[in-house]
Amino acid sequence: MRRKLYVLLLSAALLLLGAAPAARAAENGEWAVYPAAARLGERPYFFLTADPGTTLRDRVTVANKTTAPLTFRLYGADAYNTERDGGFALRTVQEEQTGTGAWIVPERSAVTVPPRSAVTVPFTLTVPADADPGDHPGALVALDERITPGGGGAVALGVQRAVGARVYLKVNGPAVPALAVEDVTLDQDRPLVPGTRTGTALLTYTLHNRGNVTLNPRVVLRAEGLFGRSLLDRELVQVPSELLPRQRIRLTERWIGSPQLDWGEVTLTATAEDVRESVGVSFLALPWLFAAALLLGAAGGLTGWRIRRRRARGGH
């Protein structure tokens, strides 16, 4: 249970500390982690560029804002998009690091920071000679390995906290932006009796960054009914500001006021950089009572036709 809770809270902490480039240094109120600079806040994140096979050297600062000394474990972490909402998150210290997290080596893996002061630690980032070109996001993380009791009841829970300074590493080489919209589904919720309540539809889709550069996607939802009537045209807001390379996320969008009697198509169009992808899914909105009446009418008509046919045969 301790490990499970730790993973969840660590991901949440690192996710909330700075939503996009140009934000301030990552902190949680007790300690902060940021690139060493001549002035505080001058470098909120590491923006690094390197050729394959080269080694970069830089420094990270860990600031203690409390009145007691704090000891941290320093490590490099790979970044990824969370499945829940596509937020920026980092691999935990127990997970395998395969990119920037594995290439970062701090001069010290543990550091004790006195009260109301800061310690700067040099580190190296060695890019393998066979590293893929493109973006390799990650972070330098200061983890407080103390386990703080949390919750109550019969099961003992523990919490570990961490703060990470983002590393935006670009490995020189061909940049290949590529974006795909996959597995689009539409689930409709219509009233039994048309007009008694508002109809809704839940659109679910996967946004997949198939390229090697970070994308800032924009997704537009359009719906057309019978004879090309425009039913919906809006830009979606529940889209991550950063979709990292080779990451795919599952997103949902609720359409309130979807038609209760119509036939048409819903189209999702995703754009980012110089790429554009559109995927459509057809829908048939048919009230249940109306559908039942059609079926009963069709069944009645078929039965009447059979009866008339038998009578006609009997007459001969």
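How many bridges join strand 14 to strand 15? Strand 14 and strand 15 (residues 230-235) run antiparallel and are joined by five bridges. Here strands (E, at least two residues) and helices (H or I, at least four) are DSSP runs numbered from the N terminus, and two strands pair if DSSP finds at least two bridges between them. The structure is a predicted model, in which local features need pLDDT of at least 70 and side-chain atom pairs count only at pLDDT 80 or more, while totals for chains, interfaces and linings use all residues. Residues are numbered from 1 along each chain as its sequence is written, and side-chain values use heavy atoms, with hydrogens and water left out.

The average pLDDT of the protein is 84, and 78% of the residues score at least 70; pLDDT is the predictor's confidence in each residue, from 0 to 100. Over residues 15-23 the pLDDT is below 50, and this stretch has 28 contacts in the model beyond near neighbours in sequence. A contact means heavy atoms within 4.5 Å. Residues 291-298 also have a pLDDT under 50, and for them the model has one contact beyond four places in sequence.

The secondary structure consists of three helices and 18 strands. Of the 316 residues, 45% count as buried, where buried means under 20% relative accessible area, exposed over 50%, and partly exposed in between (1.4 Å probe, protein chains only). The accessible surface comes to about 16,900 Å², and carbon and sulfur atoms hold 54% of this area. Accessible areas come from the Shrake-Rupley method with a 1.4 Å probe; for residues, only the protein chains shown count as cover. Among contacts between residues at least 6 apart in sequence, 72% join residues at least 24 apart.

Five strands form an open sheet with antiparallel pairing, in the order 1-2-4-9-7. Strand 1 (26-27) and strand 7 (104-106) stand at the edges with a single partner strand each, so one side of each is left without a neighbour in the sheet. Strand 1 is joined to strand 2 (residues 31-35) by two bridges, and the two run antiparallel. The bridge partner of glutamate 27 in strand 2 is alanine 32.

Strand 14 (residues 218-224) is also joined to strand 17 (residues 262-272), in an antiparallel arrangement with seven bridges. Arginine 218 has threonine 271 as its bridge partner in strand 17, and glutamate 224 has serine 230 as its bridge partner in strand 15. The hairpin of strand 14 and strand 15 has five residues between the strands, and there phenylalanine 227 takes a positive phi near 65 degrees. Phenylalanine 227 counts as exposed because its relative accessibility is 80%. Together with Leu226, Trp263 and Leu284, Phe227 makes a nonpolar surface patch of about 520 Å². Patches are made of residues with over 30% relative accessible area and no salt bridge; like charges are joined within 9 Å, and nonpolar side chains (Val, Leu, Ile, Met, Phe, Trp, Tyr) within 5 Å.

Histidine 136 is found in strand 10 (residues 134-150) and counts as buried, because its relative accessibility is 11%.

The count of salt bridges comes to 13, a salt bridge being a side-chain nitrogen of Lys or Arg within 4 Å of a carboxyl oxygen of Asp or Glu. One of them joins the side chains of aspartate 262 and arginine 229 (2.2 Å, N to O). This pair links distant parts of the chain, 33 residues apart, with aspartate 262 in strand 17 and arginine 229 in the loop between strand 14 and strand 15. Aspartate 262 is buried, at 8% relative accessible area, whereas arginine 229 is partly exposed, at 41%. Another salt bridge joins glutamate 253 and arginine 234 (3.1 Å, N to O). These two residues are 19 apart, glutamate 253 in strand 16 and arginine 234 in strand 15. Glutamate 253 is buried, at 11%, and arginine 234 is partly exposed, at 27%.
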